[in-house]
Amino acid sequence: MSFTGPGNYREEAAKTIRDKPEVRTSITAATRAFDAHRVHAWGQIDADRWRDWARDVKSHVLGHLDEYLEQAEEQLTANGARVHWAETAEDALAILGDIVREHGVESAVKAKSMLSEELGVNAHLESLGVHVRETDLGEYIIQLLGQPPSHIVGPAIHLSVDDCRRLFHERLGTPLDAEPDELAGAARDALRAEFLAADLGISGGNFLAADTGTVALIENEGNIRLSTSLPRIHVACVGIEKLVPKLEDVSGFLQLTARAATGQPIGNFVSLIQGPRKNDEVDGPEEVHVVLVDNGRTKLLADDAAWEALRCVRCGACLNICPVYRQTGGHAYGWTYSGPIGAIIAPAMLGLEEAMPLPYASSLCGACTDVCPVRIPIPELLVHWREKAVEQGLTPMTETMGLKAYAKLAQKPDLFAAAGSVLRHVPLELGGRALPVLAGWMQERSAPKSSKKSFLQMWKEGIE
Amino acid sequence: MSARDRILGRVREALSERTAVEHPGSFEGWRPAAPALPVDGLAHLLEAAGGEIVRQPNVDAAAAWLASFCADFGSSAVGETVPEPLRPPLPAGAPDTAPLGVSLARGAVAETGSLIMDARDGRRAQLLVPTHVVFVRTRDVYVTLREALIELADDLPSAIGFHSGPSKSADIGQILVKGVHGPGRLVAVLMGDGD
């Protein structure tokens, strides 16, 4: 299974809920646990001040992004790292391909990276004959299953322990009743050999400090430290929005991101990578490449409202709290970034038409923005993209006309009252079939009966 | 024009009419409660994250502790910067086969419960061993992560690792397991400057 784009969101979401109810069970349990951890962790700090600070640092960086990118490039180069610039996914893959050919790379180990999912790194390297292995336990599991991640932080949270038991039984020969400890041990043994043999380690980057040229990475397993330390070449693919001005600023982001994602004070392992191994060091990669990736990010930056989404630190808090995401998990969204954050970056990164109907995959309840550590106004941006969709004629014609008619009626009290009295006599089921706006709503809901009198009439007569 | 110039050009165009936001200043780790003493805070968080804490008044006492601790192990991989008294009396093993790794931390951070592992100590002995013993001098404990990063920035190796607990994962059914890839057992030995 691979992503086919957000276009089939409605069908895929319905199919998941209907045919795989166990996915909802797993996703809801995992996201509720993540969110409970966040609530606890935020209770220990002055979370509002942390979030204001993080919002302002990110907004500051994005407002001077050109300067910070140049500074980071200069510093990384001085550290001995090689910096590449990729305008598109194809560019990034071509850069990786050149490195693979130049060094005769036969095998690669990968640290979990959403950007590498976005770029399609695994499929490309495999097409070049490179053996690629995901090393994060969750990513390893879904790689064996041939599935994409269903959550930014927990890529395999849609799977139950029994799903994993069956998979490991088939692939690694563990007993069908093995406990998670035994399963993890089998994965450790299988992956250890791959770590030691790999020529190339590929990672993303959570933050890139411009003043020192430092790529910062957060994790709990140690696989990122291994992927960036053992192979002779390390390539970090980093989105251009990941810049922070100074290494000392990373202190706030490492802590806030961990608290927002999993409720920890910090990830159990953090890597700060400046460049290749130095003369006084006994190990570490001989070459470090940093690929700065645009792939639609400058389109987001150019949007006067949606640029704020570039502050995202990919903690997954908005997915965890989202009542819509919790029903299906990430696969139904049809592309790498699911949930509320995915729905507001897809229209710029994929194009609005391609991203439809994701801006509508929300009830606009606003829970996401309440938990966002960098205060992205997610509901406002969902509405922003909905407005653009209407402007560009991407919504059904009847919906556009219906909304225009409503706008006219709502400005004229007499007409509004007259229309209301007519509508009250139309059964809602029929209305639902006639009006696409209601059709989606009515699919999962039964209709109440209309009142004989309008609210206005009742108000005038005196409501008891 | 290069990809670099085109990307920077698009960034500049996007920002041409955008009002810039000031940097808000340094991160002060705002918290309602006063922090514990640095060493106690470090110990508390490391233990909460699944690490083990050993407190020793000085290097000699730490060396004596190590001699008895390592009786259970057949060999060890030892970091480059570990001073002579703290090198275990065991045959040297390769990091990928030794049951024990011993490192010296460059420092530690009370605010996050982190041990600061410098690449100059050798990364393999910090990562491949199932049990990792890390010595840290209590005088090298920073109160905040920001403070630590400001000092580190003056003398950066190719890589720094913050180790704040054993390797762990909850990727299988959200059930916590330890020792997935890195050390499943982390023992931090906090050494004082006493006699």
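**Ground rules.** I number residues from 1 along each chain as its sequence is written, with chains lettered from A in the order in which they are written. In this predicted model, local features need pLDDT of at least 70 and side-chain atom pairs count only at pLDDT 80 or more, while totals for chains, interfaces and linings use all residues, and side-chain values use heavy atoms, without hydrogens and water.

**Domains.** I looked up how chain A is divided, and found domain 1 (23-32 + 49-297) and domain 2 (397-461), with bounds from an automatic or database domain assignment. Their C-alpha centres lie 51 Å apart.

**Strand β9 of chain A.** I then turned to residues 269-273, a strand (a DSSP run of E, at least two residues). Five of its five residues are buried, so β9(A) is largely enclosed by the rest of the structure; buried means under 20% relative accessible area, with a 1.4 Å probe and protein chains only. F269(A), S271(A) and I273(A) point one way, whereas V270(A) and L272(A) point the other way.

**Its partners.** I checked pairing, for which DSSP must find at least two bridges between two strands. β6(A) (residues 214-219) pairs with β9(A) in the antiparallel sense over five bridges, and I218(A) stands opposite V270(A). From chain B, β8 (residues 159-163) also pairs with β9(A) in the antiparallel sense over five bridges, with G161(B) opposite S271(A).

**Cores.** Lastly I looked up nonpolar cores, sets of buried Ala, Val, Leu, Ile, Met, Phe, Trp, Tyr and Cys residues joined through side-chain atoms within 4.5 Å. The largest has 118 residues, and I341(A), I344(A), I376(A) and F162(B) have the most contacts inside it. A second, separate core of 26 residues includes L159(A) and L127(B).

Note on methods. Buried < 20%, exposed > 50% of the residue type's maximum accessible area, 1.4 Å probe, protein only. Helix = DSSP H or I, 4+ residues; strand = E, 2+ residues; numbered from the N terminus.
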